[in-house]
Amino acid sequence: DVKVTQSSRYLVKRTGEKVFLECVQDMDHENMFWYRQDPGLGLRLIYFSYDVKMKEKGDIPEGYSVSREKKERFSLILESASTNQTSMYLCASSRIRARGQPQHFGDGTRLSIL
Amino acid sequence: KQEVTQIPAALSVPEGENLVLNCSFTDSAIYNLQWFRQDPGKGLTSLLLIQSSQREQTSGRLNASLDKSSGRSTLYIAASQPGDSATYLCAVDQTGANNLFFGTGTRLTVIP
């Protein structure tokens, strides 16, 4: 079974801090994604990566950056955390452009910015 | 831009009842549609994936259908159980896009 592991289930940080969210997948998937999930808004894509060191912006990239130095690891970085970034963050992975392959999700990180 | 809608937002049914969850999407140029389950405070678990060329997929008590031309999908749950209580999300994999487009989900409660 595919396993997508997010490093923290719950995280509390302060405004202005630099925050790192880590995601690791064990199935050699090319694609990796970061979403945030908010009540009434559903899941929205922040960034995705289709290969090592490659990244593309999603719908809401402002205030975030990402890093993919190794194929199995995709990091989301909040450069200077703000209270409006309090949310549930979900990482996902999938095979490259292989339509018909499902996206696999981690358990999520619930981030609170105080 | 693709818009995915799920109605109702919440549904309560007694145990044993069969039920249908609805998903509609505005752009029919899709590769596939995926149904997920999300338990409170948890990530998403993939339930079923229907290719655009398929009409339905089945897994156990779950059956998902797809009518691409009308922009609709349904998830049928037979003989519901309290353990089915969760939020169910549908997501569309659209041609020319890199990410899935999600609905906001239907929160299902199965009452014992």
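**Aromatic cluster.** I began with the rings of this predicted model, where ring pairs (Phe, Tyr and the six-membered ring of Trp, with centres within 6.5 Å) link A:Phe33, A:Tyr35, A:Phe48, A:Tyr50, A:Phe105, B:Phe36 and B:Phe102 into a cluster. My search of the whole structure returned 9 aromatic pairs over all chains. One of them joins A:Phe33 and A:Phe48, and I noted it as stacked, at 5.8 Å centre to centre and 20 degrees between the planes; the cut-offs call planes under 30 degrees apart stacked, over 60 edge-to-face and the rest tilted. I then looked up accessibility, for which buried means under 20% relative accessible area, exposed over 50% and partly exposed in between, with a 1.4 Å probe and protein chains only. A:Phe33 is buried at 1%, and A:Phe48 is buried at 4%.

**Conventions.** I kept in mind that residues are numbered from 1 along each chain as its sequence is written, and that chains are lettered from A and ligands numbered from 1 in the order in which they are written. Local features need pLDDT of at least 70, side-chain atom pairs count only at pLDDT 80 or more, totals for chains, interfaces and linings use all residues, and side-chain values use heavy atoms, with hydrogens and water left out.

**Largest pocket.** I next looked up the largest pocket, which holds about 510 Å³ of space. A pocket here is an open set of points on a 1 Å grid over the protein atoms alone, where a 1.4 Å probe fits and protein lies on both sides within 12 Å along at least five of seven lines; lining residues have an atom within 4 Å of a point. Points are joined across faces, edges and corners, and the volume is the space filled by probe spheres set on them. Of the 22 lining residues, A:Gln37, A:Pro39, B:Gln38, B:Thr87 and B:Thr104 are the closest to the centre. Strand 4 (31–38) and strand 9 (87–94) of chain A, with strand 9 (86–94) and strand 11 (106–111) of chain B, each give two or more residues to the lining.

**Chain A.** I counted 0 helices and 11 strands in chain A, taking both as DSSP runs numbered from the N terminus, helices being H or I of at least four residues and strands E of at least two. The radius of gyration, taken over C-alpha atoms, is 13 Å for chain A, close to the 13 Å that the globule rule gives for 114 residues, so chain A is as compact as a globular protein of that length. That rule is 2.2 Å times the number of residues to the power 0.38. Buried residues make up 48% of the 114 residues in chain A.

**Backbone of chain A.** I found a positive phi of about 65 degrees at A:Lys53, which is not a glycine; A:Lys53 sits in the loop between strand 5 and strand 6 (54–57) of chain A and is exposed at 58%.

**Sheet in chain B.** I traced an open sheet of 5 strands in chain B, with antiparallel pairing and the order 1-3-8-7-6; two strands pair if DSSP finds at least two bridges between them. Strand 1 (4–5) and strand 6 (56–59) of chain B are at the edges with a single partner strand each, so one side of each has no neighbour in the sheet. Strand 6 of chain B runs antiparallel to strand 7 (residues 62–67) of chain B, joined by 4 bridges.
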